[in-house]
Amino acid sequence: MVNINMSMEAFIEQACESIRSEAAGRPVLCALSGGVDSAVCAVIAKRAVGDRLTCIFVDTGFMRKGEGDQVAALFQGAYEINLIRVEAEGRFLAKLKGVTDPELKRKTIGEEFVRVFEEEAKKLGAVGCLLQGTIYPDIMESGGDGYKQVKAHHNVGGMPLNIEFETILEPIRLLYKEEVRECGRALGLPEAYVTRQPFPGPGLAVRCLGELTKPKLDMLREADAIFREEIERAGLHKEIQQYFAILPNIQSVGIRNGARCYEETAVLRAMTTTDFVTADYVRLSYDLIDTVTRRITTEVPGINRIVYDTTPKPPATMEWE
């Protein structure tokens with residue numbers, strides 16, 4: 001949490017000084033997920049250490065539709081950051097084969113992220129510093145600072161014990177989400193990027209319940225894209241802090257082309273919040289839900305039923321896993 005007497009510009013300069021001090025002249029490897037948290041960290045680190053920064057974007061196959069290309073275009077273009085894109089979909093799916101427990105899923109993903117970063121660091125030479133976009137709610141929900149654990153975030157409770165990096169840099173670890181957005185604006189990040197909804201580090205892997213397969217992930221990716229498109233078309237994307245689709249691993253009987261079908265259910269979730277610690281569901285209009293329902297069940301093969309999640313946080317969390 002930023003000191004009330006400190007401007008965001010002062011916080012950024014303090015974060016830069018902290019990175020320079022902890023890096024001590026060494027190269028810095030940034031885990032860039034594409035979300036606003038890691039984006040802010042990357043831009044701060046670029047200001048702090050310049051060309052000694054290399055960002056690694058791991059395309060796990062769990063990203064939203066078109067997201068990988070968007071991330072690469074922004075950071076290689078506007079910010080001229082050295083970015084390495086690692087295609088790792090097959091690798092992550094293989095590691096998660098047969099895994100259904102949500103905590104094991106998160107920890108497996110967290111460890112595999114670190115192993116990819118370690119491998120890329122070795123290719124670049126001796127890189128002792130890993131920078132990541134941990135924020136305070138991640139620490140709280142993972143059971144840090146005396147809080148009870150809700151779930152192991154991949155970059156906190158999901159981190160493996162044996163890590164080859166000498167130093168982990170977390171310059172925004174004490175910020176809440178809205179403070180991160182304010183920091184992004186101060187750094188000059190595009191408003192569309194600053195205000196984008198949060199996306200969990202494990203991505204669609206924790207929105208696709210049960211064992212992960214490429215067909216299920218592709219199905220979810222398409223349903224999620226339709227929901228997001230219709231929210232934006234309705235002009236609600238700046239009012240709703242988080243909105244997405246989930247595949248809960250529930251099948252039901254339906255009718256497709258006049259014949260019986262047994263297909264997946266998709267859940268829609270839209271939440272409003274000021275701090276991401278507590279949240280309430282958005283009362284979307286029936287017309288909007290109807291449009292999304294008809295589009296998904298018509299345009300996405302394999303989904304024949306849509307439900308809307310009306311549970312606040314707490315008792316639920318934003319995500320289903």
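Tutor: Contact means heavy atoms within 4.5 Å. Leaving aside residues up to four places away in sequence, Phe-75 touches Leu-32, Ala-39, Ala-42, Val-43, Glu-80, Ile-81 and Tyr-193. This is a predicted model, in which local features need pLDDT of at least 70 and side-chain atom pairs count only at pLDDT 80 or more, whereas totals for chains, interfaces and linings use all residues. Residues are numbered from 1 along each chain as its sequence is written, and side-chain values use heavy atoms, without hydrogens and water.

Student: Which residues have the most contacts inside the largest nonpolar core?

Tutor: In soluble globular proteins, nonpolar side chains tend to be buried together. A nonpolar core is a set of buried Ala, Val, Leu, Ile, Met, Phe, Trp, Tyr and Cys residues joined through side-chain atoms within 4.5 Å; buried means under 20% relative accessible area (1.4 Å probe, protein chains only). Here the largest core has 96 residues, and Ile-44, Phe-75 and Leu-284 have the most contacts inside it.

Student: What is the order of the strands in the open sheet?

Tutor: Strands are DSSP runs (E, at least two residues) numbered from the N terminus, and two of them pair if DSSP finds at least two bridges between them. The order is β3-β2-β1-β4-β5, with parallel pairing. β3 and β5 stand at the edges, each with a single partner strand, so one side of each lacks a neighbour in the sheet.

Note on methods: Buried < 20%, exposed > 50% of the residue type's maximum accessible area, 1.4 Å probe, protein only. Helix = DSSP H or I, 4+ residues; strand = E, 2+ residues; numbered from the N terminus.
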